[in-house]
Amino acid sequence: MYKYDQYDQSIVDTRVAEFRDQVERRLSGALSEDQFKPLRLMNGLYLQLHAYMLRVAVPYGTLDSRQMRMLGHIARKYDRGYGHFTTRQNIQYNWIKLEDAPDILAELATVEMHAIQTSGNCIRNISSDQFAGAAADEVTDPRPWAELLRQWSSFHPEFSYLPRKFKIAVIASAQDRAAMRLHDIGIEIVDRDGEHGARIFVGGGMGRTPMIAPEIRDFVPLADLLSYLEACLRVYNRHGRRDNIYKARIKILIHEIGADAYRDQVEAEFTQVKALGIDPPQAEFDRIAAFFAPPPFDVSASDVLDRSDPDFAVWLDQNVSAHKVPGYAVATISLKPVGGIPGDATAEQIDVMADLAERYSFDECRVTHAQNIVLPHVCKSDLHAVWSALSDAGLAEANLDLISDIIACPGLDYCSLANARSIPVAQKIATRFADLGRQRELGELKLKISGCINACGHHHAGHIGILGVDKKGTENYQLSLGGSGAEDVSLAKITGPGFDEDGVVDAVEKVTDCYLSLREDGERFVDTYRRVGMEPFKAVLYG
Amino acid sequence: MKILTGNDLRSGDVVWWTGARWSRHVEDAFDVGENGERIAREEEAARRVNVPYVIDAVATPEGPRPAHIKDRVRALGPTVRIDLTLKPADPAAGSWVI
Ligand code: HEM
Ligand code: SF4
């Protein structure tokens with residue numbers, strides 16, 4: 001875990017004091033809402049459907065138990081007893097009082113957390129693989145690089161007012177658990193003949209105009225990474241459209257001028273930037289990397305698992321993944337109980353997860369882009385104890401990557417931009433498919449729901465995607481098939497006319513039945529779709 | 001009818017203009033006719049409300065009911081957590097919105 005030094009801490013503390021003053025001036029009338037709004041947004045404070053909403057940054061999704069407990073404490077003391085974990089590996093609180101916001105930020109600062117750059121046209125929280133440092137398939141731990149990018153991008157003066165918000169993801173495994181190519185910049189650290197470098201993908205994103213990022217460079221030596229990214233952003237900052245919010249993202253620039261033209265400009269800029277010497281000396285990188293040194297694993301830990309308890313065995317098969325160290329495993333805690341609200345956790349559940357991280361996972365946990373929580377380093381011999389504690393807290397749903405492990409944005413229940421509700425649709429689908437045996441029979445099936453075209457719920461990247469639209473004042477849901485946010489990245493295609501709330505639940509069931517009737521051995525839903533195409537599904541949906 | 005809504009500046013609570021003050025209950029809302037924009041400006045200047053705006057509503061025996069679903073959700077609270085709404089004891093509260 002990265003630890004703030006005195007500079008980091010004083011920057012965050014100073015910002016809290018500054019914001020406290022700004023809030024006082026707003027409450028006294030010295031600042032109008034027009035003057036105050038950009039200031040509160042710089043501190044992650046939105047005005048949503050019911051109240052102020054605070055988005056707290058969790059850099060690359062990594063937390064220690066002290067930070068996790070603080071998130072629970074804030075939920076309990078300042079909100080209504082729960083928080084919402086998001087697809088950008090952050091947490092949002094939905095019921096914040098403006099007058100409390102400075103105190104909340106002050107409490108967060110005591111555990112090295114803040115809400116800076118969680119809004120605005122700047123480089124947002126860097127996201128990464130939630131299995132980083134633990135994954136059996138990683139080339140290296142991507143988080144020291146994510147941390148370097150965090151330090152580079154925080155308060156970067158040139159990139160604080162970009163044409164639009166900017167999102168970067170870093171991974172270091174061939175398996176993409178971070179939807180890397182759906183980011184403005186996706187970075188994949190690879191090993192080429194023993195040297196580590198970065199493949200750079202630029203111009204991905206969802207929203208109104210979804211795009212998969214094209215590869216801009218197949219290998220940037222890591223010693224040049226910051227210079228190269230600086231060049232990528234400079235070209236965007238110079239040419240990105242500021243006149244039209246719908247065309248302002250880097251994906252539009254690259255789409256309009258073409259990846260080759262963009263690459264040429266970046267390469268030219270890179271030569272200039274490289275000469276400036278902004279890449280850190282190796283010693284500085286080593287200082288950062290030392291914070292992410294592997295924990296003291298017990299090399300004698302047993303690799304044997306007692307699978308005699310059948311419910312535990314199902315959870316093992318579904319929610320536990322391979323760790324790079326023998327005797328250890330990665331456990332994913334599902335925040336998707338059947339009928340629950342995807343991504344929500346109560347203050348008590350947050351405390352339970354913090355306790356488990358402290359006791360069984362070297363004090364670490366992670367937030368995933370699928371709105372779940374990970375305990376990255378659990379001794380196999382402790383898995384049963386972890387699972388029992390999770391069961392007691394209502395957190396042992398064994399549905400990871402199954403149809404009820406739904407990503408859903410807050411939709412019209414919370415979000416002022418929404419056209420339709422997302423959460424009730426998620427709840428109804430999960431309830432329809434509640435039987436875990438049936439879910440496992442369907443296999444890996446990523447279902448994602450957004451309440452408007454902004455695509456916070458990643459519907460474009462769903463094997464099955466659902467988009468809420470407004471049809472003459474009533475909620476309507478478009479169904480799409482064939483998307484993926486993983487290494488087999490693709491964008492989902494719309495099936496045809498939309499459905500009402502119950503209709504879309506039926507439609508999902510028809511689509512899954514159709515898949516079961518067509519699938520060949522070993523195929524996931526998305527594989528069958530890719531093989532047979534849209535037509536058979538359209539036929540069952542629209543007859 | 002037209003009614004005026006916004007959020008309380010300090011707490012962020014959704015509030016409705018009653019003709020004399022702000023209430024958290026849409027049932028108390030008052031037909032502002034053509035005066036909505038003016039009241040909004042005055043109340044905002046007095047820092048009693050944040051981002052006020054006028055919406056269409058229909059009169060019902062239970063009081064005004066916002067025309068658009070978004071403001072009905074605002075008036076009630078999240079339809080998926082009845083315990084967090086203004087009608088926590090009413091299991092049918094969610095259906096009020098639709
Ligand atoms: C409730 C308050 C929220 C607001 C006002 C909001 C607003 C937006 C907007 C305006 C966009 C489109 C930006 C663009 O394309 O330029 C967007 C995209 C997105 N948001 Fe949100 N959002 C909210 C909550 C969330 C939540 C809760 C999540 C995660 C569950 C999330 C994750 C995302 C993601 C992943 C995208 C897609 C970005 C892309 O690749 O283009 N947002 N959001
Ligand atoms: S997709 Fe739309 S409705 Fe959902 S959270 Fe994003 S902005 Fe709100």
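This is a predicted model: local features need pLDDT of at least 70, side-chain atom pairs count only at pLDDT 80 or more; totals for chains, interfaces and linings use all residues.
A pocket here is an open set of points on a 1 Å grid over the protein atoms alone, where a 1.4 Å probe fits, with protein on both sides within 12 Å along at least five of seven lines. Its lining (residues with an atom within 4 Å of a point) comprises 30 residues, and Gln175(A), Arg177(A), Asp401(A), Glu444(A) and Lys446(A) lie nearest the centre.

Around ligand 2 (heavy atoms within 4 Å) are, among others, Cys409(A), Cys415(A), Cys452(A) and Cys456(A).

| Set | Residues by class |

Between the chains, 32 residues of chain A are in contact (heavy atoms within 4.5 Å) with 25 residues of chain B. Chain A and chain B bury about 2400 Å² between them, 55% of it on carbon and sulfur atoms; buried area is the accessible area (1.4 Å probe) lost on being put together, summed over both parts. Leu27(A), Leu49(A) and His50(A) supply 22% of the area that chain A buries against chain B, more than any other three residues. The interface has 1 salt bridge by the rule (a side-chain nitrogen of Lys or Arg within 4 Å of a carboxyl oxygen of Asp or Glu). Glu99(A) and Arg10(B) meet in a salt bridge at 3.4 Å, N to O.

Residues are numbered from 1 along each chain as its sequence is written, with chains lettered from A and ligands numbered from 1 in the order written. Local features need pLDDT of at least 70, side-chain atom pairs count only at pLDDT 80 or more, totals for chains, interfaces and linings use all residues, and side-chain values use heavy atoms, without hydrogens and water.

Conventions:
Buried area is the accessible area (1.4 Å probe) that two parts lose on being put together, summed over both.
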